[in-house]
Amino acid sequence: MRAFLKTTIAALALALSGCATTRPTAAAAEVSAVLEERAGIDDAVAAEARSHAEVRARVETLLAEPLTLEAALRIAVINNRGLLATMEELGVAQSDLVQAGLLQNPTIGGDLLISTRGNGLGGGVSLSQSLLSVFLIPAKRRVAKAALQRTILTVGGEALTLVRDVKVAYAELAAAVTVARLQRERVQAAEVADELATRQREAGNISPLQRAEVAAALDEARMTLLERELEVVSAREQINRLMGLWGDDTRWTMAAASPEMPADGDLSALEQHGIRERLDVSAARFHVDAVDYALALRRRGIVPNIDVGVEGRNEVGDDIGHEWVVGPSLQVELPLFDPGHADLAKLRAQLRQAQHLYQHAAIVARSQMREGRAALVAARRRVDYMRTAVLPRHEQIYEQTLREYNGMLVGAYELFSTRSEQVHAQQEYAEALRDYWIARAQLEYWVGGRLPSAARTR
């Protein structure tokens with residue numbers, strides 16, 4: 001009996017403590033800590049903790065200077081409406097946790113009796129409470145806590161997805177701007193060649209075919225420039241969408257080119273690091289726990305529901321006075337039609353499903369990390385080779401051609417062609433740098449937010 005009273009008192013105390021706030025302040029702080037630790041962004045605060053004016057002031061401050069990658073990331077995590085909408089899932093899960101710690105509302109009932117002989121009125125009133133719900137509160141809270149933790153990890157994963165997307169978009173924009181600038185140089189060289197060809201044709205020094213070929217080269221360069229300029233517009237709009245900008249806010253200017261490639265460090269233990277750090281894998285694991293807790297809760301729920309309470313009645317009749325009588329009441333559910341077997345079978349299937357999804361997430365994560373590591377290594381090798389071999393070789397070819405042109409050993413068109421090829425190599429180098437930064441952003445996302453070497457050195 002003493003143990004029964006202790007359990008009841010503990011359950012009631014836990015239920016009363018369930019009146020905690022429904023605001024997901026602690027959960028939002030965990031998401032912010034994830035972004036600060038894994039992406040180096042300390043601006044991430046739940047929407048409810050920032051007023052619209054505070055967000056606007058922060059965005060305007062960051063846009064007042066040329067836009068860097070760090071500024072773009074800070075704007076995105078506080079101003080992207082998609083992420084802010086996802087953050088509201090924390091409030092839903094927090095409310096579910098509070099709800100899980102509350103007692104069921106008691107049930108009140110009553111009846112009115114009228115004597116057919118005119119002896120007056122009678123009736124009764126009753127108040128009852130589910131006794132089983134009191135003992136299920138700890139189990140329900142375990143389910144809700146696991147669900148909240150899974151939501152925190154899921155929201156954190158969405159935030160890291162946004163970080164990855166901003167990094168990719170910024171790299172694409174930087175490359176597009178550089179390629180477009182270099183394409184304008186190719187157009188200028190083609191225009192000079194076209195002007196020279198016009199004069200030579202007027203002097204009869206070149207054939208109509210040669211004149212047309214030079215004009216066609218200019219046409220192609222100009223058409224390519226239009227495509228490159230459109231790529232710049234598309235890249236800007238992509239990053240505008242990710243930062244949640246519109247109107248005058250989209251008139252920002254971009255900072256200098258991307259920094260040189262950092263050291264990638266030792267990537268041999270990448271899989272082990274990523275399996276520990278991947279938020280989606282951790283969320284899948286918490287999903288298994290939540291379903292497992294729900295299954296344990298349902299097993300307890302097979303016990304028939306018992307309602308206890310108090311009832312008072314005032315009967316009427318010839319030989320019955322109008323004195324009220326009060327006493328305890330007891331109602332027991334009879335599980336005749338629904339013994340709960342179907343719900344148990346459903347939860348068992350959901351548990352097996354969650355376990356398979358968890359294992360699948362781990363397998364996919366390992367594969368993605370291996371693929372991302374290979375892509376990063378290949379991208380770095382391409383950049384290194386172009387910087388140390390391709391670009392110097394084109395520079396040497398152009399300088400040698402220029403010397404031969406000054407010595408009248410080659411013509412102007414050969415010089416223009418050599419310069420155009422050199423600019424084209426520079427464009428490919430800019431695209432190789434873009435591919436490296438994209439590969440790095442993708443691999444960082446696949447390992448949980450930051451490469452192991454970067455995590456150690458920060």
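Student: Which residues of α2 are buried?

Tutor: In this predicted model, Ala-27, Ala-28, Val-31, Ser-32, Val-34, Leu-35, Arg-38 and Ala-39 are buried in α2. Buried means under 20% relative accessible area, exposed over 50%, and partly exposed in between, with a 1.4 Å probe and protein chains only. Residues are numbered from 1 along each chain as its sequence is written. Local features need pLDDT of at least 70, and side-chain atom pairs count only at pLDDT 80 or more, while totals for chains, interfaces and linings use all residues.

Student: What makes the buried residues line one face of α2?

Tutor: Seen down the axis, they fall within an arc of 150°, so they line one face of the helix. The arc is that of the directions from the helix axis to the C-beta atoms. On the other side of α2, Ala-26 and Glu-37 are exposed.

Student: How do you know that the span of α2 agrees with its 15 residues?

Tutor: The expected span is 1.5 Å times one less than the number of residues. For residues 25-39 that should be 21 Å, and the end C-alpha atoms are 21 Å apart, so the two agree. Helices are DSSP runs (H or I, at least four residues), numbered from the N terminus.

Student: Which residue follows α2, and what is its phi?

Tutor: Gly-40 comes next, with a positive phi near 70°.

Student: How do the residues lining the second largest pocket divide?

Tutor: The lining has 10 nonpolar, five polar and four charged residues. Here Ala, Val, Leu, Ile, Met, Phe, Trp, Tyr, Cys and Pro count as nonpolar, Asp, Glu, Lys and Arg as charged, and the others, Gly among them, as polar.

How values were computed:
Side-chain values use heavy atoms; hydrogens and water are left out. Helices (H or I, at least four residues) and strands (E, at least two) are DSSP runs, numbered from the N terminus.
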